[in-house]
Every structure is written in structure tokens, then in C-alpha cells.
Amino acid sequence: SGLLAVVVKAECRYRKPARYDDLVTVRTRLAAVSPAKIEHEYELLRDDEILATARVTLALVDRAGSVQQVPDWLQALA
């Protein structure tokens with residue numbers, strides 16, 4: 001549809017370190033969708049231990065960089 005998702009806000013809370021050889025899992029959840037933005041939440045885990053949590057807010061723009069409304073079909077996913 002010619003729209004691009006751009007990060008407008010990113011927050012991360014580091015709780016415990018991950019080591020180079022650790023096997024980690026990233027859980028992603030669609031937290032909210034509105035006409036203006038899309039928000040995702042993340043958890044980084046080693047086994048059942050949460051190493052970090054994050055939240056990212058995205059906006060949609062066209063190829064010229066003008067902010068666009070989130071399409072209805074995408075808003076319906078939330």
C-alpha cells in the first residue's frame with residue numbers, strides 16, 4: 001500500500017544481562033492500534049527469566065514522509 005512504518009518512540013528496561021552464548025526468546029505482542037499509531041511490547045527471556053522488556057511506538061508515513069492514518073484493517077487487529 002506504499003506505507004512505511006517508522007519508530008517514533010522506543011523504551012527498554014534491562015533487568016538482567018544476557019551472555020554471548022545464551023539461547024534467548026523474544027516474545028512480541030501487539031499492544032494497541034489507533035488511527036495514529038501502532039504499539040508493540042516485547043519480552044526478552046532466557047528460559048523463564050525475563051532479561052528485558054520493551055515497548056515501541058510506530059507511525060505510518062508515505063514515501064514522501066507525510067504521516068498517514070493506520071488503515072482500518074490494521075486497526076481491527078488490536
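Student: How does Glu49 count at 26% relative accessibility: buried, exposed or partly exposed?

Tutor: This is a predicted model, in which local features need pLDDT of at least 70 and side-chain atom pairs count only at pLDDT 80 or more, while totals for chains, interfaces and linings use all residues. Residues are numbered from 1 along each chain as its sequence is written, and side-chain values use heavy atoms, with hydrogens and water left out. Buried means under 20% relative accessible area, exposed over 50%, and partly exposed in between (1.4 Å probe, protein chains only). At its value of 26%, Glu49 therefore counts as partly exposed.

Student: With which residue does Glu49 form a salt bridge?

Tutor: Side chains of opposite charge can pair when their charged atoms come close. A salt bridge is a side-chain nitrogen of Lys or Arg within 4 Å of a carboxyl oxygen of Asp or Glu. The closest N and O atoms of the pair are 2.9 Å apart, and the partner of Glu49 is Arg46.

Student: In which strand is Arg46 placed?

Tutor: Strands are DSSP runs of E with at least two residues, just as helices are runs of H or I with at least four, and both are numbered from the N terminus. Arg46 belongs to the run of residues 38–46, which is strand β3.

Student: Which residues are in contact with Arg46, leaving aside its neighbours within four places in sequence?

Tutor: Contact means heavy atoms within 4.5 Å. With those neighbours set aside, Arg46 touches Pro17, Ala18, Arg19, Asp22, Leu23 and Leu51.

Student: How many residues lie between β3 and β4 in their hairpin?

Tutor: Two strands pair if DSSP finds at least two bridges between them. β3 and β4 pair in the antiparallel sense over 9 bridges, with His40 standing opposite Val56 in β4. In the turn, Asp47 has a positive phi of about 60°, and the number of residues between the two strands is 2.

Student: How far apart are the closest N and O atoms of Glu39 and Arg55?

Tutor: Glu39 is buried because its relative accessible area is 12%. Glu39 and Arg55 form a salt bridge whose closest N and O atoms lie at a separation of 2.6 Å.

Student: Which residues does the network of salt bridges that share partners join?

Tutor: Arg55 is partly exposed, because its relative accessible area is 25%. The network is made by salt bridges that share partners, and its members are Arg29, Lys37, Glu39, Glu41 and Arg55.

Student: What is the count of buried residues in strand β1?

Tutor: Strand β1 spans residues 4–14 and pairs with β4. That pairing is antiparallel and runs over 10 bridges, and Val7 stands opposite Leu58 in β4.

Student: What is the area of the nonpolar surface patch made by Leu4, Val6 and Val8?

Tutor: Patches consist of residues with over 30% relative accessible area and no salt bridge, like charges being joined within 9 Å and nonpolar side chains (Val, Leu, Ile, Met, Phe, Trp, Tyr) within 5 Å. Accessible areas come from the Shrake-Rupley method with a 1.4 Å probe, and for residues only the protein chains shown count as cover. Leu4, found in strand β1, is partly exposed with a relative accessible area of 34%. Together with Val6 and Val8, Leu4 makes a nonpolar patch of about 220 Å².
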